[in-house]
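Work through the exercises below with the sequence and the model at hand. Each task is followed by a stepwise solution.

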Amino acid sequence: MKKVLKVQKLTAESFKPYGQLIEAQTFQPAIAEPDFTFWNNLAQLTNEGKVDFCMLEVVERERSFSKIERHLKTEEAFFALDGDCIMLASDPTPGEKYPNPEETAAFYLEQGKGVIFDRGAWHWLPFPLKEKNRLLVLCRQGTSDEDCEIVDMQDQGVTFEIKLASADR
């Protein structure tokens, strides 16, 4: 079964089942001076222990996938640094080995914005809308070694295809 994911506008409400949206535009700056503007308390990671600051570089590729991952011990934040991309998300499925394909969604993440995935929320590598993108990733230290469960949905007969509106590319 091929599940087509139409890319949705990313809002705090549309992303709520999977985590939080990080965007300064919806908050009043804590400090606004002629030389700088500073926003604080945009979002909080509630992880135990040290937080790793990681860099992820993704390259343009076919907009289909079957693998998906989750982290049961940590929230994970992605922040688009140098371009827009498509983020993929699926509801947490406690006690289940696979996500529900009907609860899987694609979101348009603009440069300068980010998301925090809840513990257990399924996700996969972002798809850049240009040759390549870099994202800042924050997670509990050791997550990639100790808390990364990857499944292949082809084992369940499911693949995903991302559908962009023509205006998006």
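**Exercise 1: rings**

The charged end of R61 lies over the F127 ring, 3.9 Å from the ring centre (the criterion: NZ of Lys or CZ of Arg within 6 Å of the ring centre and within 35 degrees of the ring normal). The model is predicted: local features need pLDDT of at least 70, side-chain atom pairs count only at pLDDT 80 or more, and totals for chains, interfaces and linings use all residues. Residues are numbered from 1 along each chain as its sequence is written, and side-chain values use heavy atoms, with hydrogens and water left out.

Task: classify the aromatic pairs F65 forms with F127 and with F160.

Solution.
1. Rings of Phe, Tyr and Trp (its six-membered ring) pair if their centres lie within 6.5 Å; planes under 30 degrees apart are stacked, over 60 edge-to-face, the rest tilted. The count comes to seven aromatic pairs.
2. F65 and F127 are 6.1 Å apart centre to centre with 45° between the planes, a tilted pair. F65 is in strand β6 and F127 in strand β12, so the pair ties together parts 62 residues apart in sequence (strands are DSSP runs of E, at least two residues, numbered from the N terminus).
3. F65 and F160 have centres 4.9 Å apart and planes at 20°, a stacked pair. F160 belongs to strand β15, so this pair links parts that are 95 residues apart in sequence.

**Exercise 2: sheet**

Task: find the strand order of the five-stranded open sheet.

Solution.
1. Strands pair if DSSP finds at least two bridges between them; nine join β5 to β13, which run antiparallel.
2. The order is β2-β11-β8-β13-β5, with antiparallel pairing.
3. β2 and β5 each have a single partner strand, so one side of each is left without a neighbour in the sheet.

How values were computed: Helices (H or I, at least four residues) and strands (E, at least two) are DSSP runs, numbered from the N terminus.
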